Amino acid sequence: LPMTSNFTAANNTLLTAYTPDAGGNAWVNGVGSMKVTSNKATWNALSTDLAQSLYDIEQEQCIITLLLTRTVSTAYGNVFFRYTDANNNLKVTADDNNLQIYETIAGTPSVIFSDAAVASFGDGAEHTIVITVGNDLVSVTVDGNAIATTVATNAGLNGTIVGMEVYDASA
């Protein structure tokens, strides 16, 4: 595996000081901060309205498995993949009952997939989201159910950076 991260560092270790379990360097925080708490990457909603952590997996094709638990009802959980910069990237967003795939090219975001009532992400329970990226296809499953397979212009780019973002709409 090019990168496996189970967040096994001591509690309160910032992701910028944390090296994933298998290979690579520390995460990079674009905005705000995330830390390790109870072997999970967490974010304190009181600290800022946005936190973003990125990691270069150095693989164009990838499978990203995320265990998502929302404990703040106004927070949105995002997973970046094919991230070049804030103006060119793909991300999956999970908020309340919606799952969306956003593609941002030259600073213009567009929704390339949207499905309501996928799962109750705001219920405080853990949900498993699996994102598979290869060539120009993006596939997403939630809790074992196939949700989306869509074509993304950006998916075939050589961007190998993946990451996490949390946004609190109430801040």
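**Figure 1. Sequence separation of contacts and overall make-up of the predicted chain.** Among contacts (heavy atoms within 4.5 Å) between residues at least 6 apart in sequence, 50% join residues at least 24 apart. The model is predicted: local features need pLDDT of at least 70, side-chain atom pairs count only at pLDDT 80 or more, and totals for chains, interfaces and linings use all residues. Residues are numbered from 1 along each chain as its sequence is written, and side-chain values use heavy atoms, with hydrogens and water left out. The chain contains zero helices and 13 strands, where helices (H or I, at least four residues) and strands (E, at least two) are DSSP runs numbered from the N terminus. Of the 171 residues, 40% are buried; buried means under 20% relative accessible area, exposed over 50%, and partly exposed in between, with a 1.4 Å probe and protein chains only.

**Figure 2. Confidence along the chain.** The predictor's confidence in each residue is given as pLDDT, from 0 to 100. Its mean over the chain is 81, and 87% of the residues reach 70 or more. Where pLDDT is low, the predicted coordinates should not be read in detail.

Figure 3. The strands follow the order 5-10-11-12 with antiparallel pairing; two strands pair if DSSP finds at least two bridges between them. Strand 5 (62-69) and strand 12 (145-151) are the edge strands, each pairing on one side only. Neighbouring strands of this sheet are turned by 15° against each other on average, direction ignored; axes are lines fitted to C-alpha atoms, for helices over the stretch in contact, and angles run from 0 to 180 degrees between N-to-C directions. Strand 5 is joined to strand 10 by eight bridges, with Thr65 opposite Val130 of strand 10. Six bridges join strand 11 (residues 137-142) to strand 12, and Val142 has Asn145 of strand 12 as its bridge partner.

Figure 4. Strand 10 runs antiparallel to strand 11, and six bridges join the two. Within this pairing, Ile131 has Val140 of strand 11 as its bridge partner. The two strands form a hairpin with two residues between them, and Asn135 in the turn has a positive phi of about 55°.

**Figure 5. Surroundings of Ser139.** Ser139 is found in strand 11 and is partly exposed, with a relative accessible area of 24%. Leaving aside neighbours within four places in sequence, Ser139 is in contact with Val130, Ile131, Thr132, Ala148 and Thr149. The C-alpha atoms of Ser139 and Val151 are 9.0 Å apart, while the two residues are twelve apart in sequence.

**Figure 6. The largest nonpolar core and the contacts of Trp27.** A nonpolar core is a set of buried Ala, Val, Leu, Ile, Met, Phe, Trp, Tyr and Cys residues joined through side-chain atoms within 4.5 Å. The largest such core has 36 residues, of which Leu15, Trp27, Phe81, Leu99, Ile129, Ile131 and Val140 touch the most other members. Strand 5 supplies the largest share of this core, four residues. Not counting residues up to four places away in sequence, Trp27 touches Met3, Ser5, Phe7, Leu15, Thr16, Tyr18, Pro20, Ser53, Leu54, Tyr55, Gly163 and Met164.

**Figure 7. The salt bridges.** Side chains of opposite charge can pair when their charged atoms come close. A search of the whole structure finds two salt bridges, each defined by a side-chain nitrogen of Lys or Arg within 4 Å of a carboxyl oxygen of Asp or Glu. In one, the closest N and O atoms of Lys40 and Glu126 are 3.4 Å apart. Because Glu126 lies in strand 10 (residues 126-134) and Lys40 in strand 3 (residues 40-42), this pair ties together parts that are 86 residues apart in sequence. Both are partly exposed, Glu126 at 42% relative accessibility and Lys40 at 40%. In the other salt bridge, Lys91 meets Glu165 at 3.3 Å, N to O. Lys91 lies in strand 7 (residues 88-95) and Glu165 in strand 13 (residues 161-168), so this pair ties together parts 74 residues apart in sequence. Glu165 is buried, at 9% relative accessibility.
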